[in-house]
Amino acid sequence: MSVVETTRTHAGRALRAVPGGWRGRLSLRTTPGRLRLALIGLVAACLAWGALAGFTVSQYSSAAHGVVATSEPLTLDAQQIYHDLSDANDAAATAFLAGGLQPQPLVDRYDNDLAAAGKAIEKATALGGGSPALATLSARLPVYAGEIGTARADSRLGYPLGAAYLREASTRVMNDQLLPAAQRLYTEDNAKLTSTSAQATGLPLMLVTLAAALVLGYTLYRTSAWLSRRTHRVLNPGLLIAAGAGVISLLWLAVVFTGADLNLQAARSGGAVPVQALAQADITALQAHADESLTLIDDTGDDSYQADYVTQLKRLGPGPGTELTAAQSAAAGSAAAADVNQAVRRAQAWNQAHAALRKTDDDGNHQYAVDSALGNPGPGVPPGATAGAQFTALSTAMTSAISADQKAFSTSANAGGNMYTGLEAAIIVLSLAMAGGCAWGLSRRLMEYR
């Protein structure tokens with residue numbers, strides 16, 4: 001048989017029976033019971049919201065820092081590998097044009113590119129694991145270097161097999177194996193960067209957290225209004241503290257998320273996107289330049305390498321649907337805009353200089369064409385008007401543009417990630433303040449019934 005206790009309301013209404021024990025203490029029939037339930041519910045809700053908000057901040061902060069610490073370095077490494085391999089192949093082909101003892105600057109460029117590509121492959125392997133593309137790059141790079149080494153040795157000795165080894169290395173190993181693997185690696189890592197950036201700027205989890213905060217705020221308001229009617233007190237200091245802590249945490253969270261989102265979006269639109277377009281255009285230009293050199297090395301007039309050059313130049317542009325025009329559009333308004341515009345002008349000048357080079361070669365003046373490709377002006381030709389000089393100017397402008405947008409990306413991405421610093425700890429402290437305020441404010445009213 002249950003214990004029964006009786007209570008009389010403050011307004012003097014009739015006696016009514018309520019259960020005893022813990023069920024009586026938490027009964028909705030009595031004001032003390034309602035207060036206890038409100039206290040337990042609000043404290044639990046504040047702590048739950050603090051846990052949810054802390055988890056949300058942790059997820060966004062982790063994704064934002066992942067963009068800077070892992071995803072972006074992997075993408076940059078992949079892009080650098082792709083560029084270094086293309087540039088090494090171009091340097092090796094161009095060096096052969098000189099014949100005999102190759103120009104030391106071109107030899108150094110080739111050696112530095114190959115060493116940089118090897119280090120980048122090692123770094124990407126350490127950061128990104130066992131990608132099949134990385135395995136191909138690791139296995140085939142020594143093969144390429146070996147064939148170029150043989151080609152160099154034969155060339156120094158005057159053996160015609162040197163050019164054959166160069167063509168084998170450039171076509172079968174570099175163009176058919178290494179560069180496609182580098183392209184796959186870059187595509188994979190760029191997809192990871194896009195995915196991580198999306199996690200750092202996605203709305204669903206943040207919207208759930210903000211909705212939970214609004215529900216909690218409304219619950220605090222209704223509880224405060226009920227207490228005001230019941231106790232005839234306008235303000236409850238504890239609930240006021242809880243509401244203040246809640247408003248501060250909500251505004252802080254919203255401001256940080258908005259600021260971080262803007263920075264990360266700027267990093268993508270003003271850095272990652274134009275860099276991707278610029279890198280592709282730069283690599284296409286390098287491959288076209290290698291084709292230009294290989295055509296001259298063959299010394300048979302317009303051949304398959306010249307056909308490849310024409311194909312690459314159509315892809316490079318400028319013009320509608322070309323890579324340079326896409327890069328120019330992507331970089332508009334970014335730090336690289338001026339350099340990209342310069343690259344467009346240089347690409348047009350290089351194409352004109354190449355046409356003059358091919359005409360000279362087809363007319364039988366092969367050495368004059370080789371000199372133009374190497375940047376050595378012939379009689380009456382200004383130094384800057386050679387095909388080699390125009391390509392060097394194009395390459396310099398592209399390198400400067402890529403560097404400017406990479407710096408812009410890093411600056412904005414770091415700013416976005418750093419905005420979350422300290423927020424998780426602050427959210428936890430503020431949620432504890434909310435829970436403590438609710439417990440203090442309601443327990444004071446509860447003590448009046450003892």
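Mentor: Let us start with the disulfides, where the count is zero. The model is predicted, so local features need pLDDT of at least 70, side-chain atom pairs count only at pLDDT 80 or more, and totals for chains, interfaces and linings use all residues. Residues are numbered from 1 along each chain as its sequence is written, and side-chain values use heavy atoms, with hydrogens and water left out.

Trainee: What makes C438 buried?

Mentor: Buried means under 20% relative accessible area, exposed over 50%, partly exposed in between (1.4 Å probe, protein chains only). C438 has 0% and is therefore buried; C46 is likewise buried, at 0%.

Trainee: Which residues touch the most other members of the largest nonpolar core?

Mentor: A nonpolar core is a set of buried Ala, Val, Leu, Ile, Met, Phe, Trp, Tyr and Cys residues joined through side-chain atoms within 4.5 Å. The largest has 71 residues, and L85, L137, Y144 and W350 touch the most other members. A second, separate core of 43 residues includes C438 and V256.

Trainee: How confident is the predictor, on average, over the chain?

Mentor: The average pLDDT (the predictor's confidence in each residue, from 0 to 100) is 86, and 92% of the residues score at least 70. Over residues 1–18, pLDDT stays under 50. Where pLDDT is low, the predicted coordinates should not be read in detail.

Methods: A disulfide is a pair of cysteine sulfur atoms within 2.5 Å. Contact means heavy atoms within 4.5 Å.
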